[in-house]
Amino acid sequence: DDQLAALDRALDDVSAACDAALASDDLKLALGACLAIGNYLNGGSPRGGADGFALSTLPRLATTKGHDGLSLADHVARLVEKKDAAALDRLAALRRDALDKAAASTLPTAWDETFALALAHLARLEALIKDDDATCQRARVALEDYHNTTKLLDDAAAADDDDDLVDDDDFVLEQPDDDEPPQPTERRAFLASMKPFAGVARLRLDGLKRSRATVADKIRATVAAFGGEKATMLTPAELFGDYLSPFVKALQKARDAAERARRSSAQHHRIRRSSQKSNSDDGGLFDAFSEMQLSGAALVDEFRRHQDR
């Protein structure tokens, strides 16, 4: 039951991530920036002017760099920030609240193993209950046949008035104590108690199966909306763990690196201005001191001339 509950949570996480990704204008903006930069770089080639791209190309953004040393992820982050300064912050929240949870999902591996095992156990229980029901039904039929047979014998005895043929004292049929089948055994009692449980379990597994199909449709819709691979069925680990979540993380790292570079540059400029100001101040003092020395020497020379006279 705990494993089925875990499957429920995994399906909910993946479903919520698909809904959040499809509803995110910020994710669309970021992927649109990727498409725009890609078309710019491929301009004039057969690959230029594309309407979409494969999600499997997203991991290359962080490793593909130009002559300026910046990666494509750096350029995408700058373009997104230029369009909307708060978009990357909202994307970080999307990654934390939805994408990473779906990326951690063990579907479909857990689904294949847990659901198949639960289905096999339930099928076995249902077969045992069905077999017991059939056994009980055969017992009821046999009891009914017994009653019918005794009734025919009673009718035949009542219709025959020849005491030489039938002696009522000699013809005695033992009647059962009641008209119900024999009390069920302990095994039958257990299977009878399992019948409601099996019904509920069947409804739950059928519901999980429908949820799984719904999630699969949402994954296909997400892939089609962002990657153009309409016929491709990705696992949640691939869609969110390999592509979308690392893509958002790469944009965050690019933005953080750019912010550190800006702070470092600003600090460098402040130090340089301070140094220039200090040098300027030192130069002024030196000039003043030099002038004072020259004035003092002139006074000494003048005093000596007066003495010579």
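**Stop 1: helices α1 and α4**

Select helix α1, residues 2–23, and helix α4, residues 87–103. A helix here is a DSSP run of H or I with at least four residues, a strand is a run of E with at least two, and both are numbered from the N terminus. The axes of α1 and α4 come within 8 Å and cross at roughly 135°. An axis is a line fitted to C-alpha atoms, for helices over the stretch in contact, and angles run from 0 to 180 degrees between N-to-C directions. α1 and α4 are therefore oblique to each other. Angles under 35 degrees count as roughly parallel, over 145 as roughly antiparallel, 65 to 115 as roughly perpendicular, and the rest as oblique.

The crossing of α1 and α4 is left-handed. Left-handed means that the near helix is turned anticlockwise from the far one by less than a right angle; right-handed means clockwise.

Now show the side chains. On α1, pick D13, V14, A17 and A20. They meet L94, A98, L99, K101 and A102 in α4. Contact means heavy atoms within 4.5 Å. By class, this contact of α1 with α4 has seven nonpolar, no polar and two charged residues. Ala, Val, Leu, Ile, Met, Phe, Trp, Tyr, Cys and Pro count as nonpolar; Asp, Glu, Lys and Arg count as charged; the others, Gly among them, count as polar.

The model is predicted: local features need pLDDT of at least 70, side-chain atom pairs count only at pLDDT 80 or more, and totals for chains, interfaces and linings use all residues. Residues are numbered from 1 along each chain as its sequence is written, and side-chain values use heavy atoms, with hydrogens and water left out.

**Stop 2: A21**

Stay on α1 and select A21. Is A21 buried or exposed? A21 is buried, with a relative accessible area of 0%. Buried means under 20% relative accessible area, exposed means over 50%, and partly exposed lies in between (1.4 Å probe, protein chains only).

Which residues does A21 touch, not counting those up to four places away in sequence? They are L27, T222 and F226. A21 and A98 are 77 residues apart in sequence, yet 8.4 Å apart in space, C-alpha to C-alpha.

**Stop 3: α2 with α3**

Select α2, residues 25–41, and α3, residues 72–83. Their axes come within 9 Å and cross at roughly 120°. That makes α2 oblique to α3. The crossing of α2 and α3 is right-handed.

Colour L29, A30, A33, C34, I37 and L41 on α2. Then colour L72, H75, V76, L79, V80 and K83 on α3, which they meet. The contact of α2 with α3 has 10 nonpolar, one polar and one charged residues.

**Stop 4: α2 with α4**

Keep α2 and bring back α4. The two pack at an angle of about 115°, with their axes 9 Å apart. α2 and α4 are therefore roughly perpendicular to each other. α2 passes α4 in a left-handed crossing.

Which residues make the contact of α2 with α4? Look for D26, L27, L29 and A30 of α2, and for A87, R90, L91 and L94 of α4. By class, these residues divide into six nonpolar, no polar and two charged.

**Stop 5: α5**

Go to helix α5, residues 109–159, and select I129. I129 is buried, with a relative accessible area of 6%. Leaving aside neighbours within four places in sequence, I129 is in contact with L191, M194, K195 and A198. The C-alpha atoms of I129 and R188 are separated by 8.5 Å, and the two residues are 59 apart along the chain.

F115 is also found in α5. At 9% relative accessibility, F115 counts as buried.

**Stop 6: α7**

Select Q252 in helix α7, residues 236–308. Q252 is buried, with a relative accessible area of 16%. Not counting residues up to four places away in sequence, Q252 touches A92 and R95.

**Last stop: the whole protein**

Show everything. How many helices and strands are there? The protein has seven helices and zero strands. Buried residues make up 27% of its 309 residues. Take the contacts between residues at least 6 apart in sequence: 78% of them join residues at least 24 apart.
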